[in-house]
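Trainee: Could we go through this structure together and check each label against its cut-off?
Mentor: Gladly, let's begin.

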Amino acid sequence: LGMTLADIRSLEDVPALRAAASAVPAGFEGGRRWRHRRKDGSEMTVEIASHPVPWPSRRARVVLVHDVTAQAALEARLRWQAKMLTRLASREPLQSLLNELVTVVCSLCPGAMSSVMLLDADGRALRPVASHGVPDDVQAATSPTPVADLAGVCGTAAMRRKVFVVEDIESDPAFAGYRELAERHGLRAAWSCPFFDAHGRLLGTAAMYWRESRPPTVAELEV
């Protein structure tokens with residue numbers, strides 16, 4: 001309440017909003033997607049439909065707004081997966097694919113920093129091979145990361161062979177050896193997911209880091 005349409009739209013979308021407002025159709029309009037800003041400043045994707053209604057002495061429309069943030073994210077993931085499968089089939093270099101992977105993860109999860117680590121040939125340690133937003137000295141300090149319980153978020157995920165979540169880096173024992181480094185860069189939460197080959201052998205891990213203490217959402221885990 002008390003906010004204009006321009007207030008709740010993404011700043012980049014305001015010119016398009018003004019253009020659309022000046023060309024509203026006489027009848028039903030539906031299916032168009034926009035970015036809206038929540039009260040906390042975060043963005044959501046909405047689908048808007050509207051229809052004119054009788055109103056004394058002025059133009060009026062009933063407007064329905066549907067939150068399609070999760071659907072839009074899923075569609076983006078499916079498009080990206082199809083694109084990656086095509087590139088894998090063309091035998092594009094692995095490094096190029098990993099670089100795009102971390103970039104796409106961060107675009108699907110605004111605010112995230114992403115890193116991929118691959119397992120050494122001896123199977124004892126992980127080394128970062130691609131990242132987006134992760135500070136260089138964090139990458140350096142975690143190379144190598146032993147595959148061991150409570151050896152950071154990635155070492156623990158690799159050892160346990162399942163997703164490992166650290167909601168509060170400041171207090172979690174998995175970050176005992178990296179706490180000062182994380183504090184210096186404002187890292188507050190992280191989670192890591194191990195990935196495997198067709199025979200179940202560990203290949204590496206993919207991680208997200210955040211500047212706020214919190215658990216992951218379902219959508220973020222699905223990414």
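Mentor: What follows is a set of questions about labels and the values behind them.

Mentor: A word on the source: this is a predicted model, in which local features need pLDDT of at least 70 and side-chain atom pairs count only at pLDDT 80 or more, while totals for chains, interfaces and linings use all residues. Residues are numbered from 1 along each chain as its sequence is written, and side-chain values use heavy atoms, with hydrogens and water left out.

Trainee: Why is the pair of Phe175 and Tyr178 called edge-to-face?
Mentor: Rings of Phe, Tyr and Trp (its six-membered ring) pair if their centres lie within 6.5 Å; planes under 30 degrees apart are stacked, over 60 edge-to-face, and the rest tilted. The centres of Phe175 and Tyr178 are 6.3 Å apart and the planes stand at 70°, so the pair is edge-to-face. A search of the whole structure finds two aromatic pairs.

Trainee: What makes Phe175 buried?
Mentor: Buried means under 20% relative accessible area, exposed over 50%, and partly exposed in between (1.4 Å probe, protein chains only). Phe175 has 6%, so Phe175 is buried. Tyr178, at 18%, is buried too.

Trainee: And why is Arg161 called partly exposed?
Mentor: Its relative accessibility is 45%, so Arg161 counts as partly exposed. Arg161 also has a positive phi, near 60°, in a residue other than glycine.

Trainee: What makes Ser57 exposed?
Mentor: Ser57 has a relative accessible area of 82%, so the label is exposed. Ser57 is not a glycine either, yet its phi is positive, about 65°.

Trainee: How do you know that Arg214 lies over the face of Trp210?
Mentor: The rule asks for NZ of Lys or CZ of Arg within 6 Å of the ring centre and within 35 degrees of the ring normal. Arg214 is at 4.0 Å from the ring centre of Trp210 and lies over its face.

Trainee: What lines the largest cavity?
Mentor: A cavity is a set of points, on a 1 Å grid over the protein atoms alone, where a 1.4 Å probe fits but cannot get out; lining residues have an atom within 4 Å of a point. There are 18 lining residues, and the closest to the centre are Val138, Thr142, Phe175, Tyr178 and Tyr209. Phe175 and Tyr178 are also the edge-to-face pair.

Trainee: Which bond joins Ser143 and Pro144?
Mentor: A cis peptide bond, with omega about 5°.

Technical notes: 1 Å grid on protein atoms, 1.4 Å probe; cavity = no way out; pocket = protein on both sides within 12 Å on 5 of 7 lines; lining within 4 Å.
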